[in-house]
Each structure stands twice: as C-alpha cells, then as structure tokens.
Amino acid sequence: MTKVASLAVAGAGLIGQRHIAAILANDTTELAAIVDPSEPAQRLAKDLDVSWYPGLDALFQASKVDGVVISTPNQLHVENGLQCVAAGVPALIEKPLAVNLAGATALVEAAEASGIALLVGHHRRHNPLIASAKAHLQAGTIGEIVSVHGMFWLMKPDDYFEVEWRRTAGAGPVYLNLIHDIDLLRHLVGEIVIVHAMTSNRIRGHAVEDTCAIMLKFANGALGTVNVSDTIVAPWSWELSAGENPAYPNARQHCYLIGGTRGSLELPAAKLWQNPGERSWWEPISATVFPVANEDPLLRQIRQFAKVITDSEPPLVPAREGLKTLQVVDAIMRSAETSQTVHIRDGAVLVKPT
C-alpha cells in the first residue's frame with residue numbers, strides 16, 4: 001500500500017499555491033493545512049476544506065503533520081525552518097535557504113544535528129531534462145568543459161513589486177531568480193570557486209538590484225559568464241524557454257550554453273552541437289536533440305519529499321546543497337558591493353583585491 005505523507009504549506013503566495021497544486025495532484029501526498037496569516041489564505045483553506053493556521057507554532061500545537069513546505073517570504077525562511085526542526089518535522093524550504101550565510105549555516109547545522117530532513121526547493125534539479133543533460137556531461141559527450149554562459153532576461157510587471165518584501169534586501173533577481181541558475185550550473189558543471197560581479201538598480205530604483213553581470217571560475221578550470229535582469233523584454237530565461245510553468249509563454253529559446261572540446265550543449269532545447277567529422281571551424285557542424293521525458297519538476301519534487309519522509313530516501317537537494325549555492329550568491333553580492341573578486345574556499349567567502 002502506498003504511503004501518503006500529510007503536508008502543510010506555509011505561505012500561500014504565488015509559489016505556495018503551486019506547491020499546493022502539486023500536493024493535491026500527487027497520490028503520495030495529502031494537503032493537511034495552510035499556514036498563512038492573510039485573509040486570502042484563510043479563504044483558500046476553507047475552499048479546499050483543509051485546516052488553516054496563522055503561524056507554524058499554532059500548527060504544531062494543534063496537529064501533527066508529516067512535513068511542511070515553507071514558501072513564506074525569503075526573510076522568514078530561517079525562522080520557519082528552525083520552527084520545523086524544533087518540532088521534529090521535515091521541511092522543504094523554497095530557495096533561497098536564507099538571505100544571509102549566517103542564518104543559512106545555523107539552519108543547516110541545526111537540522112543536521114537533530115537528524116531532521118531539510119530540503120531546498122531548487123526544483124529544476126528534478127526536471128528529467130537536467131538529469132539527461134548531466135548524464136551527457138558526465139559521459140564526456142561534449143569533451144572537457146571549457147566555458148559556460150547563462151542568461152535570465154525577462155520583464156517583471158510593475159504590480160509584481162507592489163508586495164513590499166520584493167523591493168527589500170534579499171529579494172532582488174539574484175536571490176529570487178538567478179539562484180536557480182547558479183544551482184543548476186553547480187549541479188551540471190561543478191563547484192564555483194571565483195566570482196566577479198557588477199549590479200545596477202538604475203531602471204527600477206529599488207533598494208535591490210534589477211540587473212547583474214557576473215564572471216565565474218569553476219573548480220575544474222572552466223570559465224563562465226552569467227547575466228540577469230528582471231527589467232528587459234526578452235525570451236532568454238528558464239521561465240520563458242523551458243515550458244515548466246504554464247503561467248509563462250514558452251518562447252522555445254535557450255538560456256544556457258555549455259561548451260566543451262568535443263561539442264556544446266544548448267539548454268533547455270536539449271541540443272548537442274558537434275562536428276560529425278574532424279573538429280574544426282572549417283568543417284560542418286550539426287545539432288542533435290536528445291529525447292527527454294516531460295514531467296513537471298514541482299510534482300517530482302513533492303513526490304520525492306514524500307519519499308524522504310515515508311521511506312527515508314535521501315533528498316536530491318539537501319539543505320547543505322542549498323547552503324553551497326547560497327555561498328555563491330553571497331559571493332556575487334559581495335563582489336558587486338566591493339568591486340572586488342571574491343574567492344569561495346572550504347565554505348568561506350573571501351574578498352580578494354583585483
């Protein structure tokens with residue numbers, strides 16, 4: 001008989017509602033409660049005929065759930081995660097794990113010390129496309145990786161920023177969006193050890209950046225560039241090219257290019273570019289699209305969360321992986337603030353003069 005995990009969702013905003021839909025769509029999970037002090041969340045809980053609580057303390061005092069999905073504002077992730085750890089309840093925390101390294105480190109160490117499973121919502125790792133791409137890279141299909149380029153260009157509408165926390169520290173596109181891309185680049189290419197970055201808030205004028213340009217060096221010697229902006233009308237972002245989320249139009253463009261000595265990989269188009277014969281710019285070059293299963297990674301992520309809870313399956317993205325990705329994001333922001341190159345070594349972020 002299939003084990004069913006009873007889950008609560010804390011934070012019923014945009015991503016919280018997608019998690020709710022994923023829980024309801026999976027036969028291994030059931031939605032037990034919505035935890036959110038807002039009136040819309042209370043109405044949603046009533047419509048779905050599930051319990052409603054204004055906060056996690058109230059949830060844990062009133063009932064027992066198998067796990068919690070934390071999709072509250074970024075600034076609350078550490079507090080909410082520690083509440084789950086204290087209650088002995090596994091949690092899937094939306095990225096970023098925290099808005100600073102100190103908070104993220106404290107959360108990870110508390111979870112590991114208590115043995116409570118803590119996962120991070122880098123859901124793109126659950127996409128079958130990423131599993132196939134990683135298999136090709138590990139098999140050496142494109143040879144030795146030389147360079148990488150990633151893009152996140154799109155236009156967030158003005159009303160997106162009517163929610164105050166999206167205009168404050170820890171809520172710019174680097175923390176909210178680029179963190180997904182950084183996590184995938186780590187997952188596909190390897191650890192990032194050096195960054196140099198510049199940010200700008202020239203267009204929107206908020207307290208957080210709207211644009212960032214970054215140079216990267218990976219531990220394996222590969223170099224990379226990444227460019228992010230939420231104020232450009234363009235199709236080159238995972239959201240507008242991967243077809244993961246039906247809320248966004250699918251422009252069917254690329255946003256990642258991974259180049260190697262025997263070929264290049266274009267994602268999310270799943271294209272492998274190679275010379276059929278001799279490797280040369282004079283020779284013909286052709287693309288092969290490798291087959292990929294199509295399944296919503298949020299559904300796969302929730303299903304895996306249930307397996308972690310009910311079957312003690314190891315998390316695909318444990319909290320420490322989220323911490324490592326956050327270290328790179330923190331290095332990016334430090335580099336932008338100081339105009340210095342930043343090195344990442346053994347978990348430490350070190351600012352080095354250029």
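1. Rings of Phe, Tyr and Trp (its six-membered ring) count as a pair if their centres lie within 6.5 Å, and planes over 60 degrees apart make the pair edge-to-face. With that in mind, a search of the whole of this predicted model turns up four aromatic pairs. Two of them are described below.

2. Let's begin with Trp153 and Trp236. Their ring centres are 6.1 Å apart and their planes meet at 65°, so this pair is edge-to-face. Trp153 belongs to strand E7 (residues 145–153), while Trp236 sits in the loop between strand E10 (223–229) and helix H8 (238–241), so the pair ties together parts that are 83 residues apart in sequence. Both side chains are partly exposed: Trp153 has a relative accessibility of 22%, and Trp236 has 30%.

3. Trp281 and Trp282 also make an edge-to-face pair, at 5.3 Å centre to centre and with 65° between the planes. Here Trp281 is exposed, at 75% relative accessible area, and Trp282 is exposed too, at 71%.

4. A charge over a ring is worth a look as well: Arg166 lies over the face of Tyr160, 4.1 Å from the ring centre.

5. Now for helix H6 (residues 128–138). Its buried residues are Pro128, Leu129, Ile130, Ala133 and Leu137. Among the elements that cover them are E7, helix H7 (173–189), H8 and helix H9 (297–311), along with strands E11 (256–260) and E12 (263–267).

6. Finally, the two ends of H6. At its start, a side-chain oxygen of Asn127 comes to within 2.9 Å of the backbone nitrogen of Leu129. After the helix comes Gly140, with a positive phi near 80°.

How values were computed. Residues numbered from 1 in each chain as written. Predicted model: local features only at pLDDT ≥ 70, side-chain atom pairs only at ≥ 80, totals over all residues. Heavy atoms only, no water. Phe/Tyr/Trp six-rings, centres within 6.5 Å; stacked < 30°, edge-to-face > 60°. Helix = DSSP H or I, 4+ residues; strand = E, 2+ residues; numbered from the N terminus. Buried < 20%, exposed > 50% of the residue type's maximum accessible area, 1.4 Å probe, protein only. Lys NZ or Arg CZ within 6 Å of the ring centre and 35° of its normal. Contact = heavy atoms within 4.5 Å. Polar contact = N/O pair within 3.5 Å; in protein donor to acceptor, adjacent residues only side chain to side chain.
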